[in-house]
Amino acid sequence: MVSVNLGMLHHVIDHIYGAFVHRTKLTTPFFSRGWGGNQLVQLETMINQLFPDVVAQNWPPKLIQPMWRTIWETKNACLREGVFRTPCDQQLIDALPPESHNARVAFLMPKSVPPHQMSCVVHLAGTGDHTFHRRLRLGGPLLKENIATMVLESPYYGQRRPILQRGAKLLCVSDLLMLGRVTIEEARSLLYWLEAVEGFGKTGVCGLSMGGVHAAMVGSLHPTPVATFPFLSPHSAVVAFCEGILKHATAWDALREDLAVQQAAMTLEEVRERLRTVLSLTDVTRFPIPKNPEATIFVGATDDGYIPNYSVLELQKAWPGSEVRWVTGGHVSSFIFHNNAFRKAIVDGLNRLPAKESFTL
């Protein structure tokens with residue numbers, strides 16, 4: 001009875017938090033400027049080109065050349081921040097807001113350990129994670145395990161946020177697809193840099209919530225085996241925006257009005273179905289199985305008000321050999337209280353990878 005009540009409490013906390021953040025007038029909703037017009041059509045075409053043959057699973061990442069500055073240094077560790085030009089094709093760069101053209105990263109690593117004896121995990125941003133701090137706190141204790149942390153600032157977030165965007169509330173549906181597509185490209189290039197330039201023995205990619213969806217895509221599409229850690233993540237953005245609490249943060253009227261300008265008037269239900277169709281492009285179960293699925297560990301929350309349990313299990317079913325672990329809590333409380341479970345998953349997943357001899361494409 002107590003566990004049932006606790007589970008209900010975690011679920012209620014998610015809904016209270018969601019109501020305060022997403023149903024009040026304090027912030028604008030997601031997609032307040034509609035679908036994104038021609039940009040959305042172009043992105044749908046580009047993403048669909050990955051299927052059904054998925055030849056892109058082995059497309060080589062582009063080599064980047066970050067420019068680094070040291071933030072602090074001790075006898076045991078060093079934190080640097082770097083900047084690099086996004087490695088995306090020119091077509092994508094032209095569609096990106098100018099503020100997002102340059103990527104920013106934080107790089108926390110142990111000292112006095114050669115890279116080939118270390119691992120490094122690229123941490124991707126969840127919804128609303130505009131800074132490096134939370135992900136550095138997650139990765140910091142892993143230094144004692146000789147695991148470095150690379151934190152990527154997402155396009156549309158932090159210093160890369162468009163001037164007209166309020167917080168994390170993306171202005172158009174096309175922005176969500178663009179954010180994901182660019183994040184995948186940048187994360188793959190960071191992994192390539194860690195492997196081919198720095199010579200790390202093992203690499204991985206992780207993320208919470210939206211960041212976990214992107215991490216799964218990166219792990220799927222990277223040409224070498226990487227440990228993959230989607231935490232508190234759905235199998236598709238459809239679940240978050242059309243089923244979970246974020247459906248209350250979506251500008252349905254603006255989407256309906258935008259469609260009415262482009263086409264005939266639609267009912268609200270038809271608008272929801274159109275968004276489901278567009279966001280189905282983010283369905284990770286359509287992506288190829290990673291090269292080492294045994295090094296993939298999903299962590300879900302038992303009473304998540306944002307991500308239903310079935311969605312986490314869809315991912316495991318699509319990737320035979322992967323593992324699902326559960327923490328007791330909701331989406332918000334698990335973010336706060338279960339970092340040790342996330343760290344243990346990272347250590348265990350990396351231990352299931354063989355050390356890289358060299359990077360070959």
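Which helix holds both E314 and K317, and how many residues apart are they? Select helix α10 (residues 309-318): E314 and K317 both sit there, three residues apart, or about one turn of the helix. Helices here are DSSP runs of H or I with at least four residues, numbered from the N terminus.

**Before you go on**

You are looking at a predicted model, where local features need pLDDT of at least 70 and side-chain atom pairs count only at pLDDT 80 or more, while totals for chains, interfaces and linings use all residues. Residues are numbered from 1 along each chain as its sequence is written, and side-chain values use heavy atoms, with hydrogens and water left out.

Colour the chain by pLDDT, the predictor's confidence in each residue from 0 to 100. The chain's mean is 89, and 89% of its residues reach 70 or more. Now pick residues 14-24, where pLDDT stays under 50. For this stretch the model has 26 contacts beyond four places in sequence, a contact being heavy atoms within 4.5 Å.

**Stop one: back to α10**

Show the side chains of E314 and K317, which meet in a salt bridge at 3.4 Å, N to O. The term covers a side-chain nitrogen of Lys or Arg within 4 Å of a carboxyl oxygen of Asp or Glu. E314 is partly exposed at 25% relative accessibility, and K317 is exposed at 62%. The classes are buried under 20% relative accessible area, exposed over 50% and partly exposed in between, using a 1.4 Å probe and protein chains only.

**Stop two: a network**

The structure holds 17 salt bridges. Select E323, R325, K344, D348 and R352 together, and you have a network of them. Within it, R325 meets E323 at 2.8 Å, N to O, and E323 is partly exposed, with a relative accessible area of 23%. D348 meets K344 at 2.7 Å, N to O. Those two lie in helix α12 (residues 339-351), and because they are four residues apart, about one helical turn separates them. D348 is buried, at 16%.

**Stop three: two crossing helices**

Finally, select helix α8 (residues 252-262) and helix α9 (residues 268-279), whose axes come within 10 Å and cross at roughly 90°. Therefore α8 counts as roughly perpendicular to α9, the label for angles of 65 to 115 degrees. Axes are lines fitted to C-alpha atoms, for helices over the stretch in contact, with angles from 0 to 180 degrees between N-to-C directions.

To display the contact, pick W252, L255, R256 and L259 on α8, then L268, V271, R272, R274 and L275 on α9. These residues divide into six nonpolar, no polar and three charged; Trp, Leu and Val are among those counted as nonpolar, and Arg is among the charged.

Notes. Angles under 35 degrees count as roughly parallel, over 145 as roughly antiparallel, 65 to 115 as roughly perpendicular and the rest as oblique.
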